Amino acid sequence: ILGARDSQILSWLYRYRFLQQSQLLALLQPKSAKRFTERLGDLYHETGYINRPALQASQFDSHCTSMLYEISEAGCDYLDALGQLPPRAVTMSRRTRRRYNPQFLHSMMIIEALLAVEMATRTISGQRFVPVDEILAKAPEPVRRAANPLSVPVTIMPGQGLPGLRSPLNTHLIPDALYGIEYLIDGQKKYRFWALECERTSPTRRNTSRASSTQLKQAAYDSLIQSRAFQRHWGIPNLKLWLVTGDGVEH
């Protein structure tokens with residue numbers, strides 16, 4: 001029989017897909033860390049509602065990194081049957097058919113950045129983290145029905161610090177994540193929204209506009225924000241870019 005704490009564990013795992021044991025402890029703050037850890041083992045061994053991704057073995061140092069968990073399809077079905085699927089913070093929440101995710105470290109970088117923001121808002125009175133599912137629920141219907149509602153068209157014009165760009169480049173931006181923060185100010189709710197981009201390995205610049213680079217990504221967001229196309233596409237009133245690179249530098 002699953003209790004309320006078990007459902008909370010499943011909900012947080014559905015919200016982010018991958019979470020380390022240490023992150024779950026920080027989120028749920030159980031009275032007994034030992035008993036909580038044992039319960040995670042029960043949920044893995046006895047219910048099959050959570051998994052320990054096999055791919056973590058080659059990516060983490062087992063001596064210093066806490067166990068990684070993800071919700072299983074059975075866990076998703078359990079929450080769904082109870083009507084308790086929470087709004088997702090990441091659109092990669094459910095496992096794809098491919099068991100190995102070649103972008104695993106990139107996924108963890110996104111999760112860690114978002115989780116840090118959400119946990120910070122929980123400590124500040126009058127602030128609330130707004131996850132991507134809540135944003136998309138209010139987007140125009142064609143966007144909600146799109147195969148990838150985060151994909152937004154954008155045109156990059158020559159002269160935006162891209163010497164290799166000779167003519168307008170029509171492309172699509174797909175943020176690694178989209179989130180907001182709700183601020184309660186004098187009894188009124190105000191909102192700010194961010195597109196998160198995590199760049200682990202992309203070079204700062206390239207000599208061609210046909211390959212990804214941080215510089216090209218920045219130019220695309222500059223165009224998106226200047227044109228305010230995000231308003232038409234996602235129905236949000238403002239947008240900023242939060243760019244996190246592999247060296248830990250934030251822009």
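Let's start with strands S2 and S3: S2, residues 50–51, pairs with S3 in the antiparallel sense over two bridges, where pairing takes at least two DSSP bridges between the strands. Within that pair, Asn51 has Glu70 in S3 as its bridge partner. Strands here are DSSP E runs of at least two residues and helices are H or I runs of at least four, both numbered from the N terminus. A quick note on the source: this is a predicted model, where local features need pLDDT of at least 70 and side-chain atom pairs count only at pLDDT 80 or more, while totals for chains, interfaces and linings use all residues. Residues are numbered from 1 along each chain as its sequence is written, and side-chain values use heavy atoms, with hydrogens and water left out.

S3 also pairs with S1, residues 18–20, again antiparallel, over three bridges. There, Gln20 stands opposite Leu68 in S3. So which way do the S3 side chains point? Leu68 and Glu70 go one way, Tyr69 and Ile71 the other, and all are buried, meaning under 20% relative accessible area with a 1.4 Å probe, protein chains only.

Now the helices. H2, residues 21–28, packs with H5, residues 104–121, at about 15°, with axes 12 Å apart. That angle makes H2 roughly parallel to H5, a label for angles under 35 degrees. Who meets whom? On the H2 side we have Gln23, Ala26 and Leu27, and they meet Glu112, Leu115 and Met119 in H5, with contact meaning heavy atoms within 4.5 Å. Those contact residues divide into four nonpolar, one polar and one charged.

Key:
Axes fitted to C-alpha atoms, helices over the stretch in contact; angles between N-to-C directions. Parallel < 35°, antiparallel > 145°, perpendicular 65-115°, else oblique. Nonpolar A, V, L, I, M, F, W, Y, C, P; charged D, E, K, R; others polar. Buried < 20%, exposed > 50% of the residue type's maximum accessible area, 1.4 Å probe, protein only.
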